[in-house]
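I opened this notebook to record what I looked up on domains, chain contacts and helix packing. The entries follow in the order in which I made them.

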Amino acid sequence: MTTIKLSRRTLVRVAAGGAAAFGAPFVIPARAQEMAKKFGFGQPGGASTEASVDIFMKPFTQRTGIEIVLDVPSSFGKLRAMVQSGNVTSSLWDLGSQQIEQAVALDMIEPIDWDQVNPGPMYPEMKHQYGFGQTYFSTVMAWRQNVKAPQNWRDFWNVKDFPGKRSLSNFPAYTIPAALMADGVTADKLYPIDLDRAFKSLDKIKKDVSVWWTTGAQPAQLLIDNEVQYVNAWNGRVGPLEEQGIRHTFNEGFLDIAFYVSPKGSPRAEKRAAMVFLRDWTDAAKQAEYAKRTYYTGSSPNLAPLLPQDKLHVFPTTPDNKAKQSLPNGKWWYDNAALVEKRWQEWKLSG
Amino acid sequence: MVAAAAAGVGAGGRARSGVLFVLPLLLVVTVCFNAPIALMLAWSAHDPPFTLKHYRELFETTIYLRVMWATVRISLATTLICGVIGYPLALWIRGLSPNARLIALALVVLPFWISILVRTYAWIVMLGNAGIVNRTLISLGLVGSPLSIIYNELGVLIGTVNVLLPFLVLPLFAAMVRVDERLLQAAASLGAPERTIFWRVFFPLTLPAFGAGLILVFILTLGFYITPAILGGGRVPMISNMLDLLINQLPNWELAAAISTVLLAAVLVANAFSARLRNRLG
């Protein structure tokens, strides 16, 4: 409901903003450092967007007077359509690490202006030429506390000793690495992915998977409803459910990065304002606030001491948890996206 | 649109002014709706020079054809179930007293007022492992472990039939009410038994509406997205879910456009078939 309300209201504002921006270059030639009084921002919607509005956007607007106009939801198709139309109304867009390579190849995004951002301390993998690393998220295993707790993907795949129904992500990029680790591949040897081996491993668990989930909310709900007992899920979805008897571990988790990118051809003055806004995202104190609400942690190496110390185990990038996980090879997924997707669909249709 | 304009032609001068009244809407529909769709479909033969390679990929890779076939199969099953349930239901409502009819129709229409997403999730609460149906069956000792009712094709069918039944029942009921009672009385006065009256007089008179309703249900099922995504548990691929994948994940808009073109052609064929059926029977 919130999402729809948000997007309707903002659509109108985006339309108005877009019209103004379209006319602007012909009226006053933009001075080098001039900043627009507003810029557009493609956001996924839901709880994480609400948290970024409260913690980052509202204070930024109060301080600078620069208004941020949301465009919800921020799907890849919508970004592509916007850039192709030539009417680029958003200067920032939310994009996953695997889609950055695609977006670059399709000439949809332009480099982040890191000089303009002038960021605070950040982990190096968060500073991509084309992407500002907003938060870490992790694809982890989770289970109901009344079943036997798995320690690793081998346990998760072992349906004999860990009986119960499973739900796995329908996005192969989140599930195939788990299948390989269940078959004995170590995290440092995952890439390049051995697809034959991965599908052989998936064969072993196929009949015990009730649901191949497509939205982040699904695995959490399936656990709560006792529809399945073991899932892979994004940590921000299962982290808040500890009190409801849902457990998860970062052991053998797959860390990933949510990026903010700069859609190609947005008005320069708006992009400048957007880059200045990104600086706020490197503020460790704000990141801690955001993490408390979403369980997704930001780019600052100084974040851990600011997090609630009794709940450190639920955050993906405390030094302990970060060491247990691996990062994906976005380039490999980009190079093989079409092949993987085809084999994935064929495999699911077979038998 | 075009039909409305064409229908007025016989009336001479009035027709021309009729066309004028319709023109703005026609223009809006063409510019805002038809033109973008045509452009989108043109993607399917574009690389940038003209090419048929996306169609070749579509027909050479079994996966897309299999998903299309699965979609057609589920659509046919939905159509059949809607027909088997819908016809007797409409007939039964026709036989009710006026007040009871109102209540029955309200019950049929009620689901229209509830978001399709909410209804789909409601089925999970009803039919899931820990849902009302399975809990009742287990507590009555009828089954040992929960039945898998959703997260398979059965689940998708329950969802599609639930959403689409009113699309068949409402027009069918309207057609049944319009059947002239005197025709049935005439048949009875000539000595025809109930069965003969139904099959030789009543059923043929309602057949055009029944056929049109069935084809409507079939076409609407072809495009279902939410129901298979949620009640199918990601195990029942349908064409819309495949399109979402091709547009938002891969992204291969050209192939998505090719699939859309084939789907549109299938719908047009079904539609032409329904129009012929109406002409022959109506």
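Entry 1: handedness. I call a crossing right-handed if the near helix is turned clockwise from the far one by less than a right angle, and left-handed if the turn is anticlockwise. I note also that I am working with a predicted model.

Entry 2: α4 and α10 of chain B. With that convention I looked up how α4(B) passes α10(B), and the crossing is right-handed. I found the axes of α4(B) and α10(B), the latter a helix of residues 194–222, to be 8 Å apart, at an angle of about 145°. I listed the residues that meet. From α4(B) they are Thr71(B), Ile74(B), Ser75(B), Leu76(B), Thr78(B), Thr79(B), Cys82(B), Gly83(B) and Tyr87(B). From α10(B) they are Phe210(B), Leu214(B), Val217(B), Phe218(B), Thr221(B) and Leu222(B). Sorted by class, I recorded 9 nonpolar and 6 polar residues in the contact of α4(B) with α10(B), and no charged ones.

Entry 3: α6 and α8 of chain B. I next took helix α6 (residues 116–127) and helix α8 (residues 153–178) of chain B, whose axes come within 10 Å and cross at roughly 140°. I therefore describe α6(B) and α8(B) as oblique to each other. The crossing of α6(B) and α8(B) is right-handed. On the side of α6(B), I noted Ile116(B), Arg119(B), Thr120(B) and Trp123(B) in the contact. Ile158(B), Gly159(B), Asn162(B) and Val163(B) contribute from α8(B). I counted the classes for α6(B) with α8(B) as 4 nonpolar, 3 polar and 1 charged.

Entry 4: the chain B to chain A contact. I asked how many residues of each chain are in contact. The record shows 19 residues of chain B against 22 residues of chain A. On the chain B side, the elements giving two or more residues are α4 (62–94) and α12 (239–249). I found that α12(B) provides the largest share of that side, with 4 residues. The side of chain B that touches chain A comprises 9 nonpolar, 8 polar and 2 charged residues.

Entry 5: α12 of chain B. I then asked which residues of α12(B) are buried. They are Ile239(B), Ser240(B), Asn241(B), Met242(B), Leu243(B), Leu245(B), Leu246(B) and Ile247(B). Because 8 of the 11 residues of α12(B) are buried, I describe the helix as largely enclosed by the rest of the structure.

Entry 6: domains of chain B. I found chain B divided into domain 1 (1–45) and domain 2 (62–281). Taken over C-alpha atoms, the centres of domain 1 and domain 2 of chain B are separated by 30 Å. I noted 4 residues of domain 1 of chain B in contact with 6 residues of domain 2 of chain B. The domain 1 side of this contact in chain B has 3 nonpolar residues, 1 polar residue and no charged residue.

Entry 7: domains of chain A. I found domain 1 of chain A assigned as 2–136 + 257–310 and domain 2 of chain A as 138–255 + 324–349. The C-alpha centres of the two domains of chain A lie 30 Å apart. I recorded 10 residues from domain 1 of chain A and 13 residues from domain 2 of chain A in the contact. Helix α4 (residues 97–105) of chain A gives the most to the domain 1 side, with 5 residues. By class, I divided that domain 1 side of chain A into 4 nonpolar, 4 polar and 2 charged residues.

Notes:
Residues are numbered from 1 along each chain as its sequence is written. Chains are lettered from A and ligands numbered from 1 in the order in which they are written. This is a predicted model: local features need pLDDT of at least 70, side-chain atom pairs count only at pLDDT 80 or more; totals for chains, interfaces and linings use all residues. Axes are lines fitted to C-alpha atoms, for helices over the stretch in contact, and angles run from 0 to 180 degrees between N-to-C directions. Angles under 35 degrees count as roughly parallel, over 145 as roughly antiparallel, 65 to 115 as roughly perpendicular and the rest as oblique. Two residues are in contact if their C-beta atoms, placed from the backbone, lie within 7 Å. Ala, Val, Leu, Ile, Met, Phe, Trp, Tyr, Cys and Pro count as nonpolar, Asp, Glu, Lys and Arg as charged, and the others, Gly among them, as polar. Domain bounds come from an automatic or database domain assignment. A residue is buried if 20 or more other C-beta atoms lie within 10 Å of its own, exposed if 12 or fewer, and partly exposed in between; C-beta atoms are placed from the backbone.
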